[in-house]
Amino acid sequence: MVQTEQELPTTEALRGMMPDSYPLFFAGRMPWPAQCLVMPPVVKGRSTLLAAPTASGKTEAAIAPLYQRHISFRRTHLSTLYIAPTKALANDIFERLDNYLGVRSPGCVTRYTGDRHEFQNAEGLFCLIVTPEALDSLQLTRPAELASVRAVVIDEIHLLHGAPRGQQLRFVLDRVRAAAIRPRHPDDTFHVVGMTATIDRLEEVRDIWLGSEGTLVRHGAAREIDLELLNIDLVAEPGDDIAAKSARALARWLKRSGTPKVLVFDNTRNGAHALAAALDGELRAAFGVAEPPPLHLHMGVLSATERERVETAMKTERNGVCVATSTLEIGIDIGDVDAIVLATPPRDVGSYLQRIGRGNRRSGTCHVLALHAGAEGAAMQNALLDCARRGDLDDVHEYDRPSVRFQQVLSHAWHATRNEDGLEPKELVRRTGGHDHADIVADMVSTGALNRRRGIVFPNDALIEEGDERRIHSVIMGGTGLPVLDARTGEAMTQVSDRGQAGGRMFVGGGFRKLNDAREGPMHLESRSTDRNARLALLPKTRGARGLSRPVVWALARQRGLDPQSWTWRGGRWSTYGGGAFNSLLAAVLAHRFAPDIWRADDFGVDGPDPGALRPPPLTLAEMLEATYAAAADKNAFSTVANKFVQPSRYRSRLSPTLQSVEARASIPVPAFVRWLAACRF
C-alpha cells in the first residue's frame, strides 16, 4: 500500500484518532504533511515505512500514534522500542521524547546503549531507546523485560539496510516478536515503523524490513541547497598541508561572514583531528582581540563523556565550531546550526545528504560551504549537489552473511552455557524466532568455534571469554587502537593507532593535551600542551573508500558534457561511468568472458589487455548480460574482486574458508549491476 498527499487527513480527524497524544506532540502547531500521512496507518497498527526528507518530523510522526495506542490499549509495561543506529542519535531522541512526555508521564521513556544502562524494568514504561547491539544483549539476557513490546521504530533505516548491522537487527527483531506475549485485544498487533530520508528502491526495503503488506508512505522533496564553494588554494602558504589550508580558509570565512555556529565534516578521524588542531590557531589569528567561537571535535574514538559534552555544547550554546566525522551525520537535531562545512567531499550521495541535512533544520534551505582545492575539487562538490537535487541515490545491495548468523548462534550458545547446561541445536529454532542456522552450527563445530558433547554445543574457551566480557553482541569490527586515559580521572578518553606513532599531543576537550611517551603501561593525557611543534597523535584508521559511487561518476560525466548512460569504446578503453564498484565487477566479467585477458578498472571505465587496440566494443548488451550470469554461476569468476564488496563483519574470519567464500560471493551486487547495464547504451 502506498499513500499520497491527496489522502491527507484533516486536523480534526487526527485529533479524533489521537485524543491523548495529539495535544502533547502538536500543541500550538499543525502537523507537517509527512506527519499527517504516516500517523493514520501507524495508529491503526499497520507496519509502515516513511520516506521523507531530513527535518520533516519523522520521529514525532511515529511516536505520537504509538503513544496513543499505548494509552488506548491500557498497557502497563514497555510497549515500544525505538532503535537508533548511533549512541549520539539515541541521546538526542531521548531528550526530545522526554520533553514531550515528561510532564504527563515522567519516566515513561528511557534508554539503553553501550554508554547508558538506564533501563531497569519494563513496568510503567512506554518507550525504550536502544542501539541494535544493546537490544541484542538485552533480548538475550533479559527477554522477559521485552515480552510486552508491541511496536518497533527503526530510525535512519538507510544506515542499516545493506549492512551487517541491519541483518543482525532483523534477527533480533524476530526474537523479540517470537517472545512477545499474546495481547488481550486482537487489534493490539505487533508492528514495525521504519524511517528514512536517503534510500532508493523503497518497495524492496519495505519488503525486507516490514513485509510486503506494510504501508509505504512517500512525501516531500529535499530542502533547497545553498552551496558556496571556497577554494583553499587561494590562501596557501609554502609548506602548507591540506589541514593548514582548510583551517586558514575556514577561519577567515567565519570571521568575514559572521556565521555563529557551524558543523564541519571530514571523512577520516585523522583528517578531522588535524583540521581541528589547525583551526585552533587559525581562529585565534582571524578573530584577533575578539573572542573566537568555541572549537570542538567529535568522533567515535572519543569517550562517551567527551562526545556528550560536545553534543550538549553545540545544542545549547549560540556560537561554536564542531569538527566531526560521520558520528554526527545521522539524525542529530541541532536546530540552530547556521551552515554545514564539507572539509572533504563524501564519496557517496547518502553521506552527502545526511551531512547537509544537519544544518538549518528549522528552515527550508540547507546552507553549505564546500572547501575544495582547484577545479577537480569544485567539480566533485558540484557533482554531489547535482545528485542531491536530482534524487539520484546510491545503489545498495542486501545479502545473507554467514558471519552475522555466526554471531547469533554464538550469543545463544554462550548464554545457554552460562545459564543452563548448553545449547541443543534444535532449540535454536525456538530461541531465534524460526531460524535454525544448521549450516552455521555445523561450520562452527568443524572449525572448533563450538564444541559438541552429548547432543549439546558450547563455545570454545576464547569465545566464552568474549561472551563473559559482553563483546559478542556486535558484528562491528573491533577497534585496533590503544586506549589513552585521562591522567586526572583515569577515564578512557580516546585511542591512538600505536605507541610508536603516538605523537606528543592531542586536540581534545576544546584544547591541546600532552600525550605522555611512556613505553610501558597505559598512555595518559596529561595537562594542557603548549608545544605547538609537537606532532599530533595518529588515531586508528577505518576502512578506506572503494572508489566513487555510480551516481557521483554520472554527475561528473554530465559536467563534462557527456552522457553517462552511453558507453564509448576508444583505443582499447571502455568509458562506462560505472563508479569504482561496478567497473571492478565489469572488469571481472570481461576477464571471465575473454580469459586469460586482464582488464583494469577505475571509476570511469575499464582498460582492455591491449591499450592500442581499435577493435569494436567487445560485447553487446545481450552478450554482456549472458557473460554476467555465466560469471556469477562460476564460483571462481569473481574471486579477485569479491573482497572489494564484502563488508567488514566481526566474525567473518572465524568462519571456515568455505563459508568465507560463500559470504564473499553473496556480497557481489549482481542484481544492481544488471540494472545498471540495462540502463546503459553500448
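Helices (DSSP runs of H or I with at least four residues) and strands (DSSP runs of E with at least two) are numbered from the N terminus. The structure is a predicted model in which local features need pLDDT of at least 70, side-chain atom pairs count only at pLDDT 80 or more, and totals for chains, interfaces and linings use all residues. Residues are numbered from 1 along each chain as its sequence is written, and side-chain values use heavy atoms, with hydrogens and water left out.

**View 1. The second largest pocket and its lining.** The volume of the second largest pocket is about 590 Å³. Its lining is made up of 28 residues, and the closest to the pocket centre are P53, A197, G220, A221 and A222. Two or more lining residues come from each of β9, α12 and α13. The most come from α13, which gives 3 residues. The search uses a 1 Å grid over the protein atoms alone; a cavity is a set of points where a 1.4 Å probe fits but cannot get out, whereas a pocket is an open set with protein on both sides within 12 Å along at least five of seven lines, and a lining residue has an atom within 4 Å of a point. Grid points are joined across faces, edges and corners, and the volume is the space filled by probe spheres set on the points.

**View 2. The open sheet of 6 strands, with parallel pairing.** The strand order is β9-β14-β13-β10-β12-β11. The edges are β9 (224-231) and β11 (295-298); each has a single partner strand, so one side of each has no neighbour in the sheet. On average, neighbouring strands are turned by 20° against each other, direction ignored. Two strands count as paired if DSSP finds at least two bridges between them. Strand β9 runs parallel to β14 (residues 365-372), and 8 bridges join the two. E224 has T365 in β14 as its bridge partner.

**View 3. Helices α12 and α13 on the sheet.** Contact means heavy atoms within 4.5 Å. Axes are lines fitted to C-alpha atoms, for helices over the stretch in contact, and angles run from 0 to 180 degrees between N-to-C directions.

View 4. Side chains of opposite charge can pair when their charged atoms come close. R284 is partly exposed at 46% relative accessible area, whereas D280 is buried at 6%. R390 and D386 form a salt bridge with an N to O distance of 3.0 Å. R390 is exposed at 53%, and D386 is partly exposed at 22%.

**View 5. The salt bridge of D400 and R405, and a linked network.** The closest N and O atoms of D400 and R405 are 3.3 Å apart. D400 is partly exposed, with 37% relative accessible area, while R405 is buried at 10%. E60, D92, E95, R96 and K315 are joined in a network of salt bridges.

**View 6. The surroundings of S79.** S79 sits in the loop between α4 (58-72) and β3 (80-83). S79 is buried, with a relative accessible area of 0%. Leaving out residues up to four places away in sequence, S79 touches H70, L125, F126, S148, V149, R150 and A151.

**View 7. The open sheet of 4 strands, with antiparallel pairing.** Its strands follow the order β22-β23-β25-β24. The edge strands β22 (568-570) and β24 (600-601) each pair on one side only. Strands β23 (residues 573-575) and β25 (residues 605-607) run antiparallel and are joined by 3 bridges. S575 stands opposite G605 in β25. Helix α19 (residues 579-593) lies across β23, β24 and β25, at about 35° to β25.

Terms used:
Buried means under 20% relative accessible area, exposed over 50%, partly exposed in between (1.4 Å probe, protein chains only). A salt bridge is a side-chain nitrogen of Lys or Arg within 4 Å of a carboxyl oxygen of Asp or Glu.
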